[in-house]
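Please look over the model first.

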Amino acid sequence: MDYWMDEGLGGLGVDETALVSALGRWRREPEKRAQFRRGFPGFFSSSAGAGIERCEDEYLLHLKAEFARFKDAAVLWAMHPWERDARWAHHVLHKAHPPHILVEVACTRTADDLLGARRAYQALYHRSLEEDVAYRVRDANASLLLGLVSAYRYEGARVNEDLATEEAKALAAAVRAAPAAATKLVQNEQVVRVLVTRSKPQLGATFRVYMELHGKPLEEELPAEPCLREAVRCLDSPPKYFSEVIHRAFSDDADRQAKAALTRVLVSRADTDMEDIKDAYTRQYGTKLADAVAKNTHGHYKEALLAIIGK
């Protein structure tokens, strides 16, 4: 079967060069195109009444998404980071998507960048990010998400070890009490207070003490609390978190949102902690991030991502 379909659409993006080559080779050869359609029953189905191989709607959506990846990467790269984050947050809140992107923005940006995103949100949508979160998030995650997007954390290096021990024990008590509680752990005021107010170095110390006391990281105690678990992972080690998000985009069963995360992560982290993400990816998966991207993407999209990563 022709290369551009076997390989050029087998990952993320489109191999434009292979596609153009196929267009030239199949010029004035409609039977070749008919053979091509018959060779991909998942994308084309026989319509006996009409005498055609009908293009499936799902395939059209797939092609649209794959051709759009390079455009999306270029547009997002050109945007101011604050506007980019504001648009992502608005999309999550107004399209009823899972809140992980909102958690990601709130927990992995600096205090000034998160404040800048809130300002951009007001300029773009004539209301605050905080009021949209308060109005639109109606589930158990509401207090946590509102606290995270409203935060302006201390960014110095000072850590209070006694406080880290105290709050690690408080988190452990809340985790132990959660199965019998009337509400979810994400609604526990003590847990929310710690996660939305403490500096990232202070939280790092708290998570370390938790691990020392209980033999496992806090995130592993939260399988039934995805939003809370995401916040802990983002606050604890953004490079590790982002490397996992990237790797998930390459999996065979990745859904549309998981694939879109590849562009989001690489574009948004290009000027911040990309080198740390590359190191984390190699440690976790035993291969270079650039090699994984080259293997799983195509065409201009691949070249753009490799340029962003920096080989």
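## Ground rules

Helices (H or I, at least four residues) and strands (E, at least two) are DSSP runs, numbered from the N terminus. This is a predicted model: local features need pLDDT of at least 70, side-chain atom pairs count only at pLDDT 80 or more, and totals for chains, interfaces and linings use all residues. Residues are numbered from 1 along each chain as its sequence is written, and side-chain values use heavy atoms, with hydrogens and water left out.

## A pair within one helix

Glu 212 and Arg 208 are four residues apart in helix H12 (residues 200–214), so about one helical turn separates them. They form a salt bridge, with the closest N and O atoms 3.4 Å apart. A salt bridge is a side-chain nitrogen of Lys or Arg within 4 Å of a carboxyl oxygen of Asp or Glu.

How open is this pair to the surroundings? Glu 212 is exposed, at 56%. Arg 208 is partly exposed, at 36%.

Salt bridges can also share partners. Glu 219, Arg 229, Glu 230, Arg 233 and Glu 244 are joined into one network in this way. The structure holds 17 salt bridges.

Asp 85 and Arg 109 meet through their side chains in a salt bridge (2.7 Å, N to O). Asp 85 sits in helix H5 (residues 81–94), and Arg 109 sits in the loop between helix H6 (100–108) and helix H7 (111–125), so the pair ties together parts 24 residues apart in sequence. Asp 85 counts as buried, at 4% relative accessibility. Arg 109 counts as buried too, at 7%.

Arg 264 forms a salt bridge with Glu 104, and their closest N and O atoms are 2.9 Å apart. Arg 264 belongs to helix H15 (residues 256–269) and Glu 104 to helix H6, so this pair ties together parts 160 residues apart in sequence.

## Two domains

The chain is divided into domain 1 (81–236) and domain 2 (241–309). These bounds come from an automatic or database domain assignment. Taken over C-alpha atoms, the domain centres are 24 Å apart.

Twelve residues of domain 1 are in contact with ten residues of domain 2. Contact here means heavy atoms within 4.5 Å. The two domains bury about 1,100 Å² between them, 48% of it on carbon and sulfur atoms. Buried area is the accessible area (1.4 Å probe) that two parts lose on being put together, summed over both.

## What joins the domains

How many salt bridges run between domain 1 and domain 2? The count is two. Which elements give two or more residues to the side of domain 1 that touches domain 2? They are H5, H6 and helix H13 (226–236). H6 gives the most, with four residues.

By class, that side of domain 1 has four nonpolar, three polar and five charged residues. Ala, Val, Leu, Ile, Met, Phe, Trp, Tyr, Cys and Pro count as nonpolar; Asp, Glu, Lys and Arg count as charged; the others, Gly among them, count as polar.

Notes:
Buried means under 20% relative accessible area, exposed over 50%, partly exposed in between (1.4 Å probe, protein chains only).
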